[in-house]
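Good morning, and thank you for coming.

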Amino acid sequence: MTIHNLYMFDRHGVLMYYGEWNRKRQSGMTIEEEAKLMYGMLYSIRNFVNKMSPVDVREGFQCYRTSKYVLNYFETPSGVKFVMNTDLHSQGVRELLQQINSQIYIEYCVKNPAYRSGETIQCELFKTKLDELVKQSPIFKG
Amino acid sequence: MAIYSIYILSKSGGLIYQYDHTSIKVEVEKTFSYPLDIQLTEKNKRIVVAYGQKDGINIGHILLAVNGSQLNGTSLGDGQEVTAFLANESNYPVNLKFGRPKLSTNDKMFLASGFYSFYLIARQLSPVLASSGIEFLEADTFKLHGFQTLTGIQFLIVTEPNQMNVEHLLRRVYELYADFALKNPFYSLEMPIRCEKFESNLRLVLEQQEESSVNTA
């Protein structure tokens, strides 16, 4: 089990934070380009899921799986989007994303008076705490 | 346990076959008094809920019937425009029926080619080497299982979240495609599949699958 990378988007689709741990392949684009492509795809997938669903959706899209990785998606009610790529055997990634939101993002960014929403996260404390949480999680260690 | 629908995409991303097995009707009827407390707009010749979702009537639902009579586009059975009818206070209280819009053939083609592009982008954005595209997609109300053959044809099955054994079903549908569409001398590649035998056998396989999953459940 392993975690590859994490993207965080704000409600307007701006990349707030990108972190990577065990990424084995680069897409050959700059991270800005890659984030745009990623957000564009997620936006379309959300629309796709809304239309494809036989009944009205609540949370909508949750994850997709390819032959080599799983993309986990979690959106908070305020529109902050967490996207984490893991390998195929990882369990409980959604809970981890919820933890990242409540224990790291809220605590060290939202409550930080120097942080302005819609900007790239610069806060060092956020970065170290996030790294700690991710490295402690059973998904990363396993 | 239910299988909602099956899509078959050609190697260039076009929809060549679609079949709805189980469809769920989402319809809500409610009596309203004047003034109407939900906002309606006209979109693609349909009356759509734009604001004020409540009691199971959600944004995106379309107006199906007024006082029990079906709508014809945006006009009532007698030819009167719905918006004019609903603006008139003397017509209240009025009973309105709303429902989730059904996918049109155009919508389905649009969705299928949309999926094809996600498939390619997912491969491009992969953090690991030699990944395929999307093979499985999960939402809170359904699951979508995909299978791409070596020749590039994609089979998609949309099921309920707890449906089991879909991988096997995908292979069965592939077999049926090979037997009844590809081996049909009148079938040309990349074109929509219109073969009665294919369709009847597909229906049979889906019914068998549902029976077996009921038995094991």
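Predicted model: local features only at pLDDT ≥ 70, side-chain atom pairs only at ≥ 80, totals over all residues.

Which residues of α1(A) and α2(B) meet? From α1(A) come A:Leu37, A:Met41, A:Ser44, A:Ile45, A:Phe48, A:Lys51 and A:Met52. They meet B:Asp107, B:Leu111, B:Gly114, B:Phe115, B:Phe118 and B:Ile121 in α2(B). By class, the residues of this contact are nine nonpolar, two polar and two charged.

I now turn to the interface as a whole. In total, 34 residues of chain B are in contact with 34 residues of chain A. On the chain B side, the elements that give two or more residues are α2 (105-124) and β9 (136-139). The largest share, eight residues, comes from α2(B). That side of chain B has 20 nonpolar, nine polar and five charged residues.

The strand β9(B) pairs with strand β3 of chain A, residues 61-65, in the antiparallel sense, over four bridges. Within this pairing, A:Tyr64 has B:Leu137 as its bridge partner.

Finally, consider B:Gln124, which lies in helix α2 of chain B. Why does B:Gln124 count as partly exposed? It does so because it has 15 C-beta neighbours inside 10 Å, and a residue is called buried only at 20 or more and exposed at 12 or fewer.

Definitions and conventions. Residues numbered from 1 in each chain as written. Chains lettered and ligands numbered in written order. Contact = placed C-beta atoms within 7 Å. Nonpolar A, V, L, I, M, F, W, Y, C, P; charged D, E, K, R; others polar. Pairing = 2+ DSSP bridges.
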